[in-house]
Amino acid sequence: MKWRPLLLVLALLVAEGLLKAWAVTTLESGVNRPLLPGVLHLGFTLNPGMAWGLLGGFAAPLAMLRVLVGLGLVGALGLGRVPRRWIWPLALIAAGALGNGLDGLMRGAVVDYLTSPLLDTVSRAVSREPFPVFNLSDVLVCAGTGALLILSWRQDRRSAHARKQPLS
């Protein structure tokens, strides 16, 4: 079982690497190509920082931090030091962190290639800024984090329910 999440991390890293290589050779900055019109488009940017341009002057330290987080998670998964229910979400986060970290180390910036007009609308309503261009690694980190939040919420509900049950 320990090797399955590691295979998933590796497969996702390869897929993301291929997608980024394709984006660099195929997509143009400032040109959006609808993939799912109004929902998901292909775009292109090289991002030295994080979403919304945060930490743009810290590309190398940010890349190193991402790689260290990814390797730490891979190590914990490989050693079986992760609660069973957290294995798959942490594998997604590890793949995303490594994907963007390695990209940042090799290119000095992360290749982003997805845009969302739908998310742009929401983002502009809240912050007057468009939603950042993103990539599969970003989606993996968000999906893994979302899964961890849901799992934690469910566990808290179970624990609260168990505390309310009378002892027999």
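How many nonpolar, polar and charged residues does the lining of the largest cavity have? By class, there are five nonpolar, three polar and one charged. Here Ala, Val, Leu, Ile, Met, Phe, Trp, Tyr, Cys and Pro count as nonpolar, Asp, Glu, Lys and Arg as charged, and the others, Gly among them, as polar.

The model is predicted: local features need pLDDT of at least 70, side-chain atom pairs count only at pLDDT 80 or more, and totals for chains, interfaces and linings use all residues. Residues are numbered from 1 along each chain as its sequence is written, and side-chain values use heavy atoms, with hydrogens and water left out.

Start with the empty space. Rolling a probe the size of a water molecule over the atoms shows where such space is left. On a 1 Å grid over the protein atoms alone, a cavity is a set of points where a 1.4 Å probe fits but cannot get out; a pocket is an open set with protein on both sides within 12 Å along at least five of seven lines; lining residues have an atom within 4 Å of a point. Points are joined across faces, edges and corners, and a volume is the space filled by probe spheres set on them.

The whole structure holds one cavity of 30 Å³ or more. The volume of the largest cavity is about 30 Å³. Among its lining residues are Asn47, Pro48, Gly104 and Val110. Helix α2 gives the largest share of that lining, three residues. Helices (H or I, at least four residues) and strands (E, at least two) are DSSP runs, numbered from the N terminus.

Now look along α2. It has 20 residues and reaches 28 Å from its first C-alpha to its last, close to the 28 Å expected at 1.5 Å a residue. That expected span is 1.5 Å times one less than the number of residues. Buried residues of α2 include Ala59, Ala63, Arg66 and Leu73. Buried means under 20% relative accessible area, exposed over 50%, partly exposed in between (1.4 Å probe, protein chains only). Seen down the axis of α2, the buried residues fall within an arc of 135°, so they line one face of the helix. The arc is that of the directions from the helix axis to the C-beta atoms. The face turned away from the buried side carries the exposed residues Pro61, Leu65, Leu68 and Leu71.

The largest pocket contains about 550 Å³ of space. It is lined by 22 residues, and the closest to its centre are Ala51, Arg66, Asn100, Asp138 and Val141. Two or more lining residues come from each of α2 (59-78), α3 (87-107), β3 (110-115) and α5 (136-164). The lining divides into 15 nonpolar, four polar and three charged residues.

The second largest pocket has a volume of about 180 Å³. Of its 17 lining residues, Gly30, Asn32, Gly43, Thr115 and Val133 are the closest to its centre. Strand β2 gives the most to this lining, with four residues. Seven lining residues are nonpolar, eight polar and two charged.

Last, two local details. Arg128 is found in the loop between α4 and α5. It has a positive phi of about 65° although it is not a glycine. At 76% relative accessibility, Arg128 counts as exposed.

The whole structure has one aromatic pair. Phe131 and Phe134 form it, edge-to-face, 5.9 Å centre to centre and with 85° between the planes. Rings of Phe, Tyr and Trp (its six-membered ring) pair if their centres lie within 6.5 Å; planes under 30 degrees apart count as stacked, over 60 as edge-to-face and the rest as tilted. Phe131 is partly exposed at 27% relative accessibility, and Phe134 is buried at 12%.
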